[in-house]
Amino acid sequence: MGIKELKYKDKINGLNNCPSTNCIEQNKEAYRFIKNEINQKSFLPVGLENPKRPFNKDSDKCKAYSGLSMFENEESAKKLYKELCKRNKRPVKTLKSLGNKLAKGHLMPIHGLCSPANSTGHFTLYEYKDNNIESIFSIIGELSC
Amino acid sequence: MLDINGMTFKKDFLPTFLFIKDLQYFEGTLLAEYQTKKGETYVFHWCDCSDTLNRWLVVRVSKRSLLQFESGLSTLHNLLYRDNLDETYYLLDMDTNQEIKKCFLVQKVSLDIEYLPEEDTFILPELIFDENENSYPILIDKNWDTDDLASFPRKFIDICLLLKTSKNDIKISNDGKWDGGLASQSFYNNLRRENKDLKIKAIQYASPGYIQFSIEREIGLLVKENIDNYIENKDEITSTFKILEHYISHYELNQKESKDFINEHKDFFMEKGNELMKYFSEPSWSWIIKVSEDEFKAIKTAMSFYRRILFLSKRVLDKKAMFARL
């Protein structure tokens with residue numbers, strides 16, 4: 001089997017420790033914020049979308065240009081969404097960013113490298129090339145503020 | 001994006017904003033700290049967006065109110081709306097390359113409420129993705145005399161050093177003779193020599209002011225936890241300490257030349273040491289015993305820890321010091 005290549009490898013050239021060496025292939029459920037419906041655009045790294053917000057550190061740039069934001073469980077995803085609604089009301093409510101639906105999928109080692117989840121269950125997936133990650137996700141509900 | 005009830009102006013009239021750090025981050029900056037060349041502090045709050053632009057609410061704040069927010073002692077709403085320094089805000093529309101496309105000056109009273117967070121929103125630790133956070137602030141208030149102000153950071157650093165040593169399970173070198181406070185001071189001086197990076201980062205003496213330390217946030221929070229532990233159990237802890245103090249004085253243990261006396265008092269030290277430390281989160285009595293040369297030195301380490309926590313706790317109870325809680 002050949003070396004697996006990251007899908008957005010060319011976007012992160014020159015960034016230090018990207019993705020970090022503690023990212024590993026995993027077999028687990030994943031939840032992601034989605035805008036309206038699932039399509040290829042729903043799984044674009046946020047740094048490739050417009051308009052971008054600033055990514056100031058190399059570690060932020062790494063996640064933004066090659067990673068996908070995910071959660072390990074439904075509760076964590078919904079809880080963080082509510083917190084974001086309270087802080088950045090307009091951007092979250094107007095759906096120009098973040099999304100309004102929650103999608104669920106089951107990640108396998110073939111899909112890419114997962115960063116360790118933080119205390120809220122958030123982690124970043126660095127997708128491998130030639131994946132159709134959108135095909136393993138389906139919408140499970142609305143996100144509400 | 002919402003229509004703005006304010007005045008537009010050219011971006012040339014804006015001060016130069018230098019990025020300091022992200023305060024809250026999720027898939028890009030949500031809230032960030034900036035500084036002008038004049039040293040003024042501004043926060044940029046992501047408040048709106050369109051298909052092509054992000055809008056930022058730009059607010060001038062004091063360093064202290066920012067530290068209050070960062071410490072979990074004040075809300076985001078207070079930082080942006082109650083404690084801000086001007087009667088006007090900037091609203092900046094920036095494109096995907098972070099270039100300013102439009103600037104507005106808005107009166108505070110005219111700002112759309114949708115651009116402000118809910119009133120009960122504190123800083124969210126989950127949205128701080130800074131793995132290298134090594135700063136811990138303490139806010140200071142009311143009147144401080146010079147001695148007090150000099151001792152306070154020193155005692156805080158002493159506790160941090162002990163907790164850092166305990167967390168990393170490092171053997172402590174307290175091989176000097178314990179003789180009242182002097183030897184305990186030299187014990188902490190040794191710890192300080194081994195941890196030169198732990199120091200004061202910034203200080204503003206004016207009351208209300210703040211002291212910021214270069215220390216892992218986690219250690220600073222552990223000091224706060226121990227202070228809270230003390231305040232909650234102060235009667236029990238003080239009573240054990242007084243018994244120990246009286247016992248050591250009664251048998252004149254500080255004045256003993258050889259270590260022969262230790263065996264005779266060992267059981268008492270073990271019992272009271274455990275009793276004194278059981279209320280604190282860390283260091284544990286078992287760790288102190290493990291890294292100490294003998295039971296007497298262990299009890300003196302526990303007592304020196306208590307004295308420093310007591311000193312810091314008194315300033316908290318007098319509302320002279322507020323420790324970051326997040």
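**Domains of chain B**

I looked up the domain assignment of chain B first: domain 1 spans 7-127 and domain 2 spans 136-323. These bounds come from an automatic or database domain assignment. I note that this is a predicted model, where local features need pLDDT of at least 70, side-chain atom pairs count only at pLDDT 80 or more, and totals for chains, interfaces and linings use all residues. Residues are numbered from 1 along each chain as its sequence is written, chains are lettered from A and ligands numbered from 1 in the order in which they are written, and side-chain values use heavy atoms, with hydrogens and water left out.

**Between the two domains**

I checked the spacing: the C-alpha centres of domain 1 and domain 2 of chain B lie 40 Å apart. Then I looked at contacts (heavy atoms within 4.5 Å). Seven residues of domain 1 of chain B touch 11 residues of domain 2 of chain B. The buried area between these domains is about 800 Å², and carbon and sulfur atoms give 62% of it. Buried area here is the accessible area (1.4 Å probe) that two parts lose on being put together, summed over both. In domain 1 of chain B, the residues losing the most area to domain 2 of chain B are B:Arg64, B:Leu67 and B:Leu73, together 68% of what that side buries.

Which residue forms a salt bridge with B:Arg64? I found B:Asp141, with the closest N and O atoms 3.2 Å apart. A salt bridge needs a side-chain nitrogen of Lys or Arg within 4 Å of a carboxyl oxygen of Asp or Glu. The rule finds one salt bridge across this domain interface.

**Between chain B and chain A**

I moved on to the chains. Here 42 residues of chain B contact 36 residues of chain A. The area buried between the chains is about 3400 Å², with 55% from carbon and sulfur atoms. On the chain B side, B:Phe26, B:Glu27 and B:Trp46 lose the most area to chain A, together 20% of what that side buries.

How many salt bridges are there between chain B and chain A? I counted three. A:Arg90 forms a salt bridge with B:Asp48, the closest N and O atoms being 3.6 Å apart.

Last, I looked up the strands (DSSP runs of E, at least two residues, numbered from the N terminus). In chain B, β2 (18-25), β3 (29-35), β4 (41-49) and β5 (54-61) each supply at least two residues of the side that touches chain A. The most come from β4(B), which gives five residues to that side.

Note on methods:
Helix = DSSP H or I, 4+ residues; strand = E, 2+ residues; numbered from the N terminus.
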